[in-house]
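Let's take a walk through this protein together, starting with the overall plan and ending at a single side chain. Keep the structure open beside you as you read.

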Amino acid sequence: MNRRDAVAAALLRLAPRLPDFEAGAVLDRALASSGLRGAAPETAAWLCLVAYARHAFTEYDGLLDDGYDRDSARHFVLDDLNAALGAWGVRRRISGEETEEGAAPETGDEG
């Protein structure tokens with residue numbers, strides 16, 4: 001199995017109700033991230049899924065634009081982030097106590 005197929009399979013296991021368009025965007029991000037090239041497929045899929053949901057389905061970027069630091073912005077969007085993940089069938093939840101690395105480290109962009 002090639003890297004693309006392995007990450008796609010991991011993503012399907014993590015988020016079984018993720019629409020195809022969203023899955024394609026997350027997969028492309030995971031494969032393009034130089035920081036995730038050596039990561040296990042499950043890790044790459046999870047980190048990119050969380051980062052994608054944070055940027056696309058919360059006010060995270062707007063909060064950063066308004067001057068909030070990353071930790072504060074992540075705190076304020078936590079409920080929306082978990083709601084997006086839950087809608088996609090993700091069982092794992094992000095908590096406010098997770099480290100940046102545990103929640104979603106940088107995958108090539110801010111946040």
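A residue is called buried here when its relative accessible area is under 20% and exposed when it is over 50%, with partly exposed in between (1.4 Å probe, protein chains only). What you are looking at is a predicted model, in which local features need pLDDT of at least 70 and side-chain atom pairs count only at pLDDT 80 or more, while totals for chains, interfaces and linings use all residues. Residues are numbered from 1 along each chain as its sequence is written, and side-chain values use heavy atoms, with hydrogens and water left out.

Let's begin with the whole. Of its 111 residues, 42% are buried. Its accessible surface, from the Shrake-Rupley method with a 1.4 Å probe, comes to about 6100 Å², and 51% of that belongs to carbon and sulfur atoms. Contact means heavy atoms within 4.5 Å. Among contacts with a separation of 6 or more, 64% join residues 24 or more positions apart.

Now find helix α2, residues 20–32. Its 13 residues reach 18 Å from first C-alpha to last, close to the 18 Å expected at 1.5 Å a residue, where the expected span is 1.5 Å times one less than the number of residues. The buried residues of α2 are E22, V26, L27, R29 and A30. Seen down the axis, they fall within an arc of 160°, so they line one face of the helix; the arc is that of the directions from the helix axis to the C-beta atoms. An α-helix has 3.6 residues a turn, so residues three or four places apart point the same way. The face of α2 turned away from its buried side carries the exposed residues D20, F21 and A32. And what covers the buried residues of α2? The cover includes α1 (3–14) and α3 (41–57).

Helix α3 is next. Twelve of its 17 residues are buried, so α3 is largely enclosed by the rest of the structure. Those buried residues include W46, L49, V50 and A53.

L85 is found in helix α5 (residues 70–87), and counts as buried because its relative accessibility is 0%. The C-alpha atoms of L85 and L14 are separated by 9.5 Å, although these residues are 71 apart along the chain.

Notes
Helix = DSSP H or I, 4+ residues; strand = E, 2+ residues; numbered from the N terminus.
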